[in-house]
Amino acid sequence: MTSTSGTKKPRVVVAGGGVAALEACLALRHHLSAAGLDIVLLTPTERFDYRPLSVLEPFRGVARWSMSLRRFAADQGLELVNDALAAVAQRPRVAVTGAGHELRYDTLLIAAGGHTADAVDGALTFRGARDGRAVRELLDAQPRSLAFAAPSGASWPLPVYELALLSAAELRQRGAPTEVKLVTPEATPLSLFGAEASEFVCDLLSRHGVELATSSTPVAARAGMLELADGRRLQAEHVVALPRVLGRRLQGVPRDEEDFIPVDEHGRVKGLAHVHAAGDGADFPFKHGGLAAQQADAAAEAMLEDLGLPIVAHPFEPVIQGVLFTQAELAYVEAALSGGAPGTAERPASLRWWPPAKIVGRHLSPYLVERAGAPLTPEHLPGAKLVAVSVDARRLVRSVRGVLDGDPVPPG
């Protein structure tokens with residue numbers, strides 16, 4: 001089956017149903033209405049899940065929040081196709097779905113995300129809300145020792161800090177003698193955010209009684225021990241680990257050794273004309289919703305520029321913004337990945353992004369909160385802190401290659 005628009009309007013196919021895909025659709029619609037641009041949203045999922053809240057499920061009974069993609073498509077004037085992207089053909093420009101259907105495009109955005117794999121053999125891998133019950137059962141059992149492990153490779157470490165801090169606080173409230181550990185390949189906690197944020201998180205972990213093991217790459221959990229890549233073993237009756245993120249193999253699409261799609265600073269797929277990629281499936285090493293949204297914004301502008309619109313496409317210039325959940329306080333951290341030397345850290349009196357939410361996207365965040373009723377992260381809480389830092393992106397990219405090989409990030 002070949003789908004055609006029947007008009008001379010340009011046609012964009014957006015493959016995916018996550019942050020990058022929805023942000024791209026909203027960014028495209030910001031510039032062109034349905035009268036000027038056909039957008040096809042190709043996704044196998046029926047709902048958008050607000051995944052960053054999943055770390056709260058074992059602790060506060062927070063209900064999962066999701067949004068109907070059919071409603072989103074109708075609201076934005078999109079054609080919704082419930083299927084997965086399987087292959088890309090350039091002549092003619094066709095996206096082939098898993099069911100074998102063909103979708104013609106003038107330009108294509110691949111935002112289908114990656115897939116996760118267990119990073120620590122024998123550990124409980126926390127992939128999201130569906131694993132909340134298993135973490136809850138571990139806390140109820142009050143083990144002698146409990147370790148939370150961040151993997152090497154492409155990932156996003158923030159959730160493992162939240163799980164450790166929230167678990168330690170709850171176990172302490174119960175009077176449990178459980179030793180809580182956090183194990184990470186990073187040289188300092190959340191080193192991506194810079195020295196001041198690391199110092200803040202170190203103090204936070206210490207106050208919650210969490211034992212920290214840095215420059216430590218976890219590989220296996222066996223017989224009450226957590227084995228590290230350098231041969232060391234740490235006592236841990238149970239281990240909760242984040243997964244490692246890998247790319248997806250799509251026929252006709254270039255990929256690197258971990259199946260991520262190589263892109264330039266505008267999201268254009270290297271070696272493939274009229275095709276862009278954004279989000280976890282692209283080869284930027286940090287997998288984070290806010291970064292996915294920024295990649296999608298850059299790709300959307302480049303797509304419109306390629307279609308001949310009078311628009312100047314801005315490159316992807318990553319700014320990492322995050323909210324760190326703990327039981328008694330909230331921490332907002334922000335790192336601008338600039339090309340120069342790290343700037344002086346600041347503590348502004350108010351947030352730098354609005355709305356104050358776990359997912360930070362120029363178009364998606366306001367849409368989710370104001371139109372779809374998504375939960376809002378409190379802007380201020382007693383004791384809440386905001387740490388804003390600047391990070392040297394050139395140094396970061398060099399150090400990232402070491403992280404992907406299992407080496408720690410240099411401090412600073």
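Lys-287 lies over the face of Phe-260, 4.0 Å from the ring centre. This is a predicted model. A search of the whole structure turns up four aromatic pairs and zero disulfides.

**Aromatic contacts**

- Among the four aromatic pairs is Tyr-50 with Trp-65, an edge-to-face pair at 6.1 Å centre to centre and 80° between the planes.
- Tyr-50 sits in the loop between β4 (47-49) and α2 (57-60), and Trp-65 in the loop between α2 and β5 (66-68), so the pair ties together parts that are 15 residues apart in sequence.
- Tyr-50 and Trp-65 are both buried.
- Phe-72 and Tyr-367 also pair: their ring centres are 5.3 Å apart and their planes meet at 90°, so this pair is edge-to-face.
- One aromatic cluster is made up of Phe-284, Phe-286 and Phe-316.

**Asp-264**

- Asp-264 is in the loop between β20 (244-246) and β21 (275-277).
- Its relative accessibility is 30%, so Asp-264 counts as partly exposed.
- The Asp-264 side chain reaches the backbone nitrogen of Arg-268 at 2.9 Å.
- Phe-284, a member of the aromatic cluster, is 20 residues from Asp-264 in sequence and 9.8 Å from it in space, C-alpha to C-alpha.

**Helix α1**

- Helix α1 covers residues 19-31, 13 residues in total.
- From first C-alpha to last, α1 reaches 19 Å, close to the 18 Å expected at 1.5 Å a residue.
- Eleven of its 13 residues are buried, so α1 is largely enclosed by the rest of the structure.
- The buried residues of α1 include Val-19, Leu-22, Leu-26 and Leu-28.
- Glu-23 and Arg-29 are also on the buried list for α1.

**Cysteines**

- The structure has zero disulfides.
- Cys-25, one of the buried residues of α1, has a relative accessible area of 0%.
- Cys-202 is partly exposed, with a relative accessible area of 35%.

How values were computed: Residues numbered from 1 in each chain as written. Predicted model: local features only at pLDDT ≥ 70, side-chain atom pairs only at ≥ 80, totals over all residues. Heavy atoms only, no water. Helix = DSSP H or I, 4+ residues; strand = E, 2+ residues; numbered from the N terminus. Expected span 1.5 Å × (residues − 1). Buried < 20%, exposed > 50% of the residue type's maximum accessible area, 1.4 Å probe, protein only. Disulfide = S-S within 2.5 Å. Polar contact = N/O pair within 3.5 Å; in protein donor to acceptor, adjacent residues only side chain to side chain. Phe/Tyr/Trp six-rings, centres within 6.5 Å; stacked < 30°, edge-to-face > 60°. Lys NZ or Arg CZ within 6 Å of the ring centre and 35° of its normal.
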